[in-house]
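Here is a short report on one protein and its ligand. Look over the sequence and the model, then read on.

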Amino acid sequence: MRQYEDTYRHKGLRKQLIATLRQKGITDERVLEAINNLPRHYFLDTAFDQIAYEDRAFPIGEGQTISQPYTVAYQSQLLEIKPFEKVLEIGTGSAYQASVLAELGAHVYTIERQKKLFDANKTFVFKAKYHNLKFFYGDGFEGLPTYGPFDKVIITAAAPFIPEKLLAQLKPGGKMVIPVDEGDAQRMLRITKSADGTFTEEAFEQFSFVPMLTGKNG
Ligand code: SAH
């Protein structure tokens with residue numbers, strides 16, 4: 001079985017990554033601390049050990065990627081997570097983003113549609129640390145109606161449109177952070193549900209995500 005070790009070198013590289021994220025405009029200290037606490041190299045194949053703290057996306061198998069740290073920080077900052085909030089994530093992938101949310105004290109429900117990636121997280125010993133992180137195999141377009149409503153919803157794949165079912169699973173006052181568009185780049189949107197059930201939308205920077213696909217795979 002793979003040995004996990006968080007060396008001084010890894011910790012040093014992580015500090016540099018935090019400095020890079022600050023330079024790029026991330027200001028939420030709790031988000032920066034959560035990223036600083038998380039050994040990102042644990043979420044990647046050992047082949048990436050020395051480059052795991054570069055601000056880049058990397059392959060995680062099944063044609064998918066672990067998001068770039070800047071993207072993870074950006075989405076986490078927009079979510080304005082408070083401890084004990086219920087958060088739904090679509091697109092578990094490596095579970096890195098989900099673990100950042102768990103570090104922020106949220107109760108995280110994360111869905112993955114690729115069976116192999118879902119199964120890999122079941123045997124990922126590090127995640128046993130988080131009792132506030134639950135994994136689901138399914139189609140994120142459906143959300144988790146029996147576990148909702150949620151304070152926050154985050155989509156970590158390029159959504160072709162804003163899924164109605166996910167909006168319905170937001171609490172009044174809840175927020176969704178979602179990259180929308182089918183082209184090469186997606187606009188990051190933050191949608192807030194008001195007490196009367198209406199929605200307001202804010203648009204932020206452009207990012208590039210792998211596509212959000214319908215149905216399960218595997
Ligand atoms: N949050 C991840 C990023 C993974 S990339 C991380 O931190 O590593 C996006 C992931 O979304 C992929 O694993 C892909 O399989 C998954 N995905 C795409 N469409 C989905 C859907 N409809 N439901 C659930 N997961 C989906």
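Predicted model: local features only at pLDDT ≥ 70, side-chain atom pairs only at ≥ 80, totals over all residues.

Is Gly105 buried, partly exposed or exposed? Gly105 is partly exposed, because its relative accessible area is 21%.

Residues are numbered from 1 along each chain as its sequence is written, and side-chain values use heavy atoms, with hydrogens and water left out.

## The ligand site

The ligand sits in the largest pocket. A pocket is found on a 1 Å grid over the protein atoms alone: it is an open set of points where a 1.4 Å probe fits, with protein on both sides within 12 Å along at least five of seven lines. A molecule sits in a pocket if more than half of its atoms lie within 2 Å of the pocket's grid points.

The shell around the ligand draws on several elements. Helices (H or I, at least four residues) and strands (E, at least two) are DSSP runs, numbered from the N terminus. Strand S2 (64-66), strand S3 (86-90), helix H4 (96-103) and strand S4 (107-112) each give two or more residues to the shell. The largest share, three residues, comes from S2.

Which residues come nearest to the ligand? They are Gly91, Ser94, Glu112, Gly140 and Leu213, out of 27 residues around the ligand. A residue counts as near if one of its heavy atoms lies within 4 Å of the molecule. By class, the shell has eleven nonpolar, twelve polar and four charged residues. Here Ala, Val, Leu, Ile, Met, Phe, Trp, Tyr, Cys and Pro count as nonpolar, Asp, Glu, Lys and Arg as charged, and the others, Gly among them, as polar.

Polar contacts, pairs of N or O atoms within 3.5 Å, include these:

| Residue | Protein atom | Ligand atom | Distance |
|---|---|---|---|
| Glu89 | N or O atom in the side chain | nitrogen | 3.0 Å |
| Ser94 | polar side-chain atom | oxygen | 2.6 Å |
| Gln97 | backbone N or O atom | oxygen | 3.1 Å |

Taken alone, the ligand exposes 580 Å², and the protein buries 99% of that. Such areas come from the Shrake-Rupley method with a 1.4 Å probe.

H4 is mostly covered, with seven of its eight residues buried. These are Tyr96, Gln97, Ala98, Ser99, Val100, Leu101 and Ala102. Gly105 follows H4 and has a positive phi, near 90°. Gly105 belongs to the loop between H4 and S4. Its C-alpha is separated by 27 Å from that of Arg9, 96 residues away along the chain.

Helix H3 (69-79) is mostly covered too: ten of its eleven residues are buried. Among them are Pro69, Tyr70, Thr71 and Val72. Just after H3, Glu80 takes a positive phi of about 50°.

## Loops and backbone

Phe84 lies in the loop between H3 and S3. Its phi is positive, near 75°, in a residue other than glycine. Is Phe84 buried or exposed? Phe84 counts as exposed, because its relative accessibility is 66%.

Glu62 sits in the loop between strand S1 (58-61) and S2. Glu62 is another residue other than glycine with a positive phi, near 60°. With a relative accessible area of 37%, Glu62 is partly exposed.

Where is the cis peptide bond? It joins Gly148 and Pro149, with omega about 0°. Pro149 lies in the loop between strand S5 (133-137) and S6.

Pro163 is in the loop between strand S6 (150-155) and helix H6 (164-168). Pro163 has a relative accessible area of 2%, so it is buried. Pro163 and Phe141 are 22 residues apart in sequence, and their C-alpha atoms are 6.3 Å apart in space.

## A buried arginine

Arg14 belongs to helix H1 (residues 8-23). Arg14 is buried, because its relative accessible area is 3%.

Methods
Polar contact = N/O pair within 3.5 Å; in protein donor to acceptor, adjacent residues only side chain to side chain. 1 Å grid on protein atoms, 1.4 Å probe; cavity = no way out; pocket = protein on both sides within 12 Å on 5 of 7 lines; lining within 4 Å. Buried < 20%, exposed > 50% of the residue type's maximum accessible area, 1.4 Å probe, protein only.
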